[in-house]
Amino acid sequence: MSSTMQPPPAAPKNTNRLGYTVAEYKGADSTLCAGCGHDAVTSQIIKAFYEYGVEPWRVAKLSGIGCSSKTPAYFLSRSHGFNGVHGRMPALATGVMLANKQLISIGVSGDGDTASIGMGQFVHMLRRNVPMIYIIENNGVYGLTKGQFSATADYGSKAKGGALNDLPAIDVCALAIELGCNFVCRSFAGDPKQMVALLKAALGHKGTTLFDIVSPCVTFNNHDGSTKSYKYAKDHEELLHEISYVPFFEQINVEYKEGEAKDVELHDGSHIRLRKAGLDYDPTNKVQALQTLRRCHDSGELLTGLIYIDGSKPDFLTLLNTVDEPLATLPQERTQPSQEDLNEIMAELM
Ligand SMILES: Cc1ncc(C[n+]2csc(CCOP(=O)(O)OP(=O)(O)O)c2C)c(N)n1
Ligand code: SF4
Ligand SMILES: [Mg+2]
């Protein structure tokens with residue numbers, strides 16, 4: 001008999017590397033308006049988690065309130081889920097990850113949920129670098145409450161009834177970079193390929209991923225004069241690069257000429273490959289990222305792609321040096337100080 005090692009059996013056809021079918025990554029049927037950008041995002045989340053090979057039971061899905069915050073019901077029905085109060089998802093995510101760092105958190109929020117009522121929580125989650133994928137389905141309006149302008153609506157954009165927005169927009173990507181978020185990207189609900197590549201890269205990242213996705217509200221904000229409509233986003237997209245993703249379980253062959261593409265290694269050993277698409281852009285350069293965002297904003301362009309990455313910044317759990325095991329599984333001896341330790345503390349306080 002030969003002593004040569006046999007390769008592991010191949011996963012059955014139409015399954016991912018864990019042997020799961022795509023059906024195991026789906027959720028309930030959507031109740032959103034037909035054509036809503038949020039449903040396009042849902043489809044790409046399902047595809048990315050399936051293709052990457054994430055165990056559904058390791059995922060925590062989190063959200064606040066809004067049409068966008070309903071999204072987690074429509075994917076990964078075998079995962080943990082918590083639909084919280086309006087704008088309070090960052091606190092939930094922080095608690096979830098502190099309690100069990102073995103989970104993968106994905107939060108879906110809206111521009112209202114994040115940049116209005118949730119702003120206070122959002123900025124502190126970014127500062128802390130809580131490990132999670134934070135998606136903003138950004139349509140420039142409060143869709144659920146019938147289309148009022150949100151804080152990300154561009155100055156001068158027009159509401160369905162004709163009113164002009166006379167307040168400046170908050171750019172959530174620029175804000176995230178400023179506050180130390182170390183993976184910041186933007187895409188558009190009409191660009192599935194880019195969305196999937198960025199989502200898979202986010203799965204390999206350790207820290208907060210801020211993923212701003214322009215996701216048109218077809219009922220209240222998809223007309224001429226809106227800067228968050230399908231047509232506007234298609235006509236004004238400024239693509240930073242063609243992005244492709246090589247997972248950690250595939251062999252890496254870097255085949256590009258110097259100056260044509262950039263390869264970025266992620267924490268899990270996977271790679272993202274950025275091929276130049278017009279702009280000479282380095283996503284590890286913070287100043288260039290902020291300048292490019294500003295320039296595109298001022299010229300009415302929608303900048304998409306991997307805008308900023310910094311692999312050196314520690315995430316919140318690493319900073320706190322938390323234990324690897326979920327807190328709920330720790331025996332009492334490891335969570336309660338001994339009588340001697342308590343006596344010592346009491347003596348110090350006397
Ligand atoms: C504490 C609280 N304040 C206000 C509301 C009303 N409200 C529900 S959803 C929403 C805004 C939703 O907008 P966004 O987050 O952009 O989600 P979208 O519906 O556009 O996807 C508001 C103001 C609420 N539910 N709770
Ligand atoms: S109201 Fe707008 S955001 Fe809400 S489901 Fe309908 S299209 Fe989507
Ligand atoms: Mg909205």
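Reader: Is Lys 228 buried or exposed in this model?
Author: The model is predicted. The cut-off for buried is under 20% relative accessible area. Lys 228 has a relative accessible area of 8%, so Lys 228 is buried.

Reader: Is Asp 154 buried or exposed?
Author: Buried means under 20% relative accessible area. Asp 154 has 18% relative accessibility, so Asp 154 counts as buried.

Reader: Which residue forms a salt bridge with Asp 263?
Author: Asp 263 lies in strand S11 (residues 261–265). The partner lies in strand S12 (residues 271–276), 10 residues apart in the chain. The closest N and O atoms are 3.1 Å apart, and the partner is Arg 273.

Reader: Which parts does the salt bridge of Glu 51 and Lys 200 tie together?
Author: The two side chains meet at 2.6 Å, N to O. The residues are 149 apart in sequence, so the pair ties together helix H1 (residues 37–52), with Glu 51, and helix H6 (residues 192–203), with Lys 200.

Reader: How does accessibility class Glu 51 and Lys 200, as buried, partly exposed or exposed?
Author: Lys 200 has 14% relative accessibility, so Lys 200 counts as buried. Glu 51 has 31% relative accessibility, so Glu 51 counts as partly exposed.

Reader: Which residues are joined into one network by salt bridges that share partners?
Author: A search of the whole structure finds 13 salt bridges. One of them pairs Glu 51 with Lys 200. Shared partners make one network of Lys 47, Glu 51 and Lys 200.

Reader: At what angle do helices H2 and H4 pack?
Author: Helix H2 spans residues 89–99 and helix H4 residues 119–128. H2 contributes Met 89, Pro 90 and Ala 91, and H4 contributes Gln 121, Phe 122 and Met 125. By class, the contact has 5 nonpolar, 1 polar and no charged residues. The axes are 8 Å apart, and the angle is about 35°.

Reader: How much accessible area does the nonpolar surface patch with Met 346 have?
Author: Met 346 is in helix H11 (residues 339–349). The patch is formed by Leu 342, Ile 345, Met 346 and Leu 349. Together they have about 400 Å².

How values were computed:
Residues are numbered from 1 along each chain as its sequence is written. Chains are lettered from A and ligands numbered from 1 in the order in which they are written. This is a predicted model: local features need pLDDT of at least 70, side-chain atom pairs count only at pLDDT 80 or more; totals for chains, interfaces and linings use all residues. Side-chain values use heavy atoms; hydrogens and water are left out. Patches are made of residues with over 30% relative accessible area and no salt bridge: like charges are joined within 9 Å, nonpolar side chains (Val, Leu, Ile, Met, Phe, Trp, Tyr) within 5 Å. Accessible areas come from the Shrake-Rupley method with a 1.4 Å probe; for residues, only the protein chains shown count as cover. A salt bridge is a side-chain nitrogen of Lys or Arg within 4 Å of a carboxyl oxygen of Asp or Glu. Helices (H or I, at least four residues) and strands (E, at least two) are DSSP runs, numbered from the N terminus. Buried means under 20% relative accessible area, exposed over 50%, partly exposed in between (1.4 Å probe, protein chains only). Axes are lines fitted to C-alpha atoms, for helices over the stretch in contact, and angles run from 0 to 180 degrees between N-to-C directions. Contact means heavy atoms within 4.5 Å. Ala, Val, Leu, Ile, Met, Phe, Trp, Tyr, Cys and Pro count as nonpolar, Asp, Glu, Lys and Arg as charged, and the others, Gly among them, as polar.
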